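Please look over the model below before reading the points.

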Amino acid sequence: MKTFGEKLKALRKEKAMSRLQLANMLCTTQSTVGKYERGELQTSLETLKLICEILDVSADYLLGLED
């Protein structure tokens with residue numbers, strides 16, 4: 001099963017979005033997005049909600065609760 005970070009990275013690439021583009025939309029840094037993708041940092045609930053809105057997926061999907 002893919003981790004949150006692996007799913008985040010795959011979805012970002014599927015949307016043809018760079019780390020910098022996603023970071024700008026999240027009002028954070030490219031480095032922070034990389035840490036999310038590598039599992040080195042967990043998002044806040046507010047950031048998780050924003051990621052879901054930007055990538056058009058459910059939090060359940062990103063958190064591995066559904067496929």
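The notes cover the basis of the model, then the pocket, then the helix pairs.

1. This is a predicted model, in which local features need pLDDT of at least 70, side-chain atom pairs count only at pLDDT 80 or more, and totals for chains, interfaces and linings use all residues. Residues are numbered from 1 along each chain as its sequence is written, and side-chain values use heavy atoms, without hydrogens and water.

2. The largest pocket holds about 210 Å³ of space. A pocket is an open set of points on a 1 Å grid where a 1.4 Å probe fits, with protein on both sides within 12 Å along at least five of seven lines; lining residues have an atom within 4 Å of a point. Among the lining residues are Thr3, Phe4, Tyr36, Gln42, Leu48 and Leu63. The elements that give two or more residues to this lining are α1 (4-14) and α4 (45-55).

3. By class, the pocket lining has six nonpolar, six polar and no charged residues; Gly counts as polar here.

4. The axes of α2 (residues 19-26) and α4 come within 10 Å and cross at roughly 120°. That makes α2 oblique to α4. In this pair, Leu22, Met25 and Leu26 of α2 meet Thr47, Leu50, Ile51 and Ile54 of α4, where contact means heavy atoms within 4.5 Å. The contact has six nonpolar, one polar and no charged residues.

5. For α1 and α4, the axes come within 11 Å and cross at roughly 35°. Phe4, Leu8, Leu11 and Arg12 in α1 meet Leu48, Ile51 and Leu55 in α4. This contact divides into six nonpolar, no polar and one charged residue.

Definitions and conventions:
Grid points are joined across faces, edges and corners, and a volume is the space filled by probe spheres set on the points. Helices (H or I, at least four residues) and strands (E, at least two) are DSSP runs, numbered from the N terminus. Axes are lines fitted to C-alpha atoms, for helices over the stretch in contact, and angles run from 0 to 180 degrees between N-to-C directions. Angles under 35 degrees count as roughly parallel, over 145 as roughly antiparallel, 65 to 115 as roughly perpendicular and the rest as oblique.
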